[in-house]
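The following exercises concern a two-chain structure and are to be worked with the sequence and the coordinates at hand.

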Amino acid sequence: MSQPELYYAPIPRGSGEIVHATRGDTLSDVLERVLDKGVVIAGDIAIRLMDIELLTIHIRLLVASVEKAKEMGIDWWEHNSFLSPKARAREESRNLTEKEDEIKALKERVAQLESSCSLSPLTAERKTRKGRGKREPALPSRTPVSAE
Amino acid sequence: MDSLARRKEEREPSLYYLYGFSLTTEPFSLQEKGMEGENKVFPLSYHELSAVVSCVPLAVYSEQALDENLKDLEWLTPRVKRHEQIIEAALQCGPVIPVRFCTLYRSRARILEVLRNQDEPFRAFLSFVQDKEEWGVKIYMAAEAGKKLVRKASPVLQALEDRLAAASTGESYFLRKRREKILRAEVERSIEALTEEIYTQLSSWSVADRRNRVLDRRVTGRAEEMIFNAAFLVDKEKVGEFVGGLDRLAADYKSQGLFFELSGPWPPYNFCPRIQ
């Protein structure tokens, strides 16, 4: 009872064609069981578990990135929004600023185009219709439909 | 509960975290500490059935706190592992029914109520799994293996291939689309037949079996696609036969681009009794 490791042994050995993973090896195996299997009894606290698949993907990405980052001496995960609410808030405010900038740039571009473009909305529409009509003969199956 | 423990509980409101059920009625304390690494894990017994529990702070496991905590991977990951470690430690004292992550109770009385209600089915299940182990089998398929398998055997596809060779540019576009569709369906059919065959074979070496959904490549982190995911309840005495048989299957299917992965032994997560 003192050594949980005892339970791992003895692991039956095959001829080596199969890959044998002990339970500790694969996080997705543990998650699949602990979060998704086991006996389900109503407790006194209602819980909402994240979708296991989504969760594992996030963890895998996280682990992979942490390992890579460690190799490279980077500590980006402190800024990862999945890890800390503070980082999430920072990211949200950054996203908002980026979006605001984008909207501002787009508005400027629209104004620029409007002033440089002499077409009235009416001629613009006519032009579009003409363009569409031109393509129609290329698709014979559609001709009877447009004729109706 | 002695008065000292009661006073402590009043000072720091806590919940009971339930890990699993066991047949051990002897008071035991696992060397493993509970979820938060502070409080000991102990059995709460009713007749010959025990609930394996530890106290956890309400501040961390209340509904509101869990709403946030369960989304936080840094919080969640070590606790999922801890949950499994504690169940494994409890297995050293005999068979265990593992309980799903974060099953919490406000009082001992509530847990005793569960024990009273499930006494008979749980004890029956525990004595059933006493000499059995759960093993997980996953099969992966090399990227092009499925297509090769199908192309060899399909006259429909071959006919389409011949037409495609003589087709004009416009026609070949639609023929290619059709080929893709037929090919996908045929790959799926051949995988289904293949895995069903393997499943039947593995089931014959086990007491109970359960097929689970295959996991996405992003979950497995492998280049090969998972085509089979199942759990088997195997007699401890027959584990050698099971693993040997699996090994022979792996050797047989290797040339077809299939890779077998075995995990275990696990507590019987996949074979727990359903509670009505």
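**Exercise 1. The interface**

Task: Determine how many residues of chain A are in contact with chain B, and which elements of chain A take part.

Solution. Step 1: In total, 43 residues of chain A are in contact with 61 residues of chain B, where contact is defined as C-beta atoms, placed from the backbone, within 7 Å. Step 2: On the side of chain A that touches chain B, two or more residues each come from β1 (19-21), α1 (27-36) and α2 (52-72) of chain A. These elements are DSSP runs numbered from the N terminus, helices being H or I with at least four residues and strands E with at least two. Step 3: The chain A side divides into 24 nonpolar, 10 polar and 9 charged residues. Here Ala, Val, Leu, Ile, Met, Phe, Trp, Tyr, Cys and Pro are nonpolar, Asp, Glu, Lys and Arg are charged, and the others, Gly among them, are polar.

A note on conventions: this is a predicted model, in which local features need pLDDT of at least 70 and side-chain atom pairs count only at pLDDT 80 or more, while totals for chains, interfaces and linings use all residues. Residues are numbered from 1 along each chain as its sequence is written, and chains are lettered from A and ligands numbered from 1 in the order in which they are written.

**Exercise 2. Chain A and its helix α1**

Task: State the order of elements in chain A, and decide whether α1(A) is mostly covered or mostly uncovered.

Solution. Step 1: Chain A has 5 helices and 1 strand, and from the N terminus they run β-α-α-α-α-α. Step 2: Of the 148 residues in chain A, 11% are buried; a residue is buried if 20 or more other C-beta atoms lie within 10 Å of its own, exposed if 12 or fewer, and partly exposed in between, with C-beta atoms placed from the backbone. Step 3: α1(A) is mostly covered, with 8 of its 10 residues buried. These are A:Ser28, A:Asp29, A:Val30, A:Leu31, A:Glu32, A:Arg33, A:Val34 and A:Leu35. Step 4: Just after α1(A), A:Gly38 has a positive phi of about 85°.

**Exercise 3. α1(A) against α4(B)**

Task: Describe how α1(A) and helix α4 (residues 73-91) of chain B cross, and examine B:Val80.

Solution. Step 1: Two packed helices are described by the angle between their axes and the distance between the axes. Step 2: The axes of α1(A) and α4(B) come within 10 Å and cross at roughly 80°. Axes are lines fitted to C-alpha atoms, for helices over the stretch in contact, and angles run from 0 to 180 degrees between N-to-C directions. Step 3: The two helices are therefore roughly perpendicular, given that angles under 35 degrees count as roughly parallel, over 145 as roughly antiparallel, 65 to 115 as roughly perpendicular and the rest as oblique. Step 4: A:Val30, A:Leu31, A:Val34 and A:Leu35 of α1(A) meet B:Val80, B:Lys81, B:His83 and B:Glu84 of α4(B). By class, this contact has 5 nonpolar, 1 polar and 2 charged residues. Step 5: B:Val80 lies in helix α4 of chain B and is buried, with 20 other C-beta atoms within 10 Å. Leaving aside residues up to four places away in sequence, B:Val80 touches A:Val30, A:Leu31, A:Val34, A:Leu35 and B:Phe101.

**Exercise 4. α7(B) against α8(B)**

Task: Classify the packing of helix α7 (residues 155-166) and helix α8 (residues 169-203) of chain B.

Solution. Step 1: α7(B) and α8(B) pack at an angle of about 165°, with their axes 10 Å apart. Step 2: That angle makes α7(B) roughly antiparallel to α8(B). Step 3: Among the residues making the contact are B:Leu157 and B:Leu160 of α7(B) and B:Leu175 and B:Ile182 of α8(B). By class, the contact has 7 nonpolar, 1 polar and 5 charged residues.

**Exercise 5. Backbone exceptions in chain B**

Solution. Step 1: Most residues other than glycine have a negative phi, and most peptide bonds are trans. Step 2: B:His47, in the loop between β2 (42-46) and β3 (49-57) of chain B, has a positive phi near 50°. Step 3: B:Cys102, in strand β4 (residues 96-105) of chain B, has a positive phi near 60°.

Technical notes
Contact = placed C-beta atoms within 7 Å.
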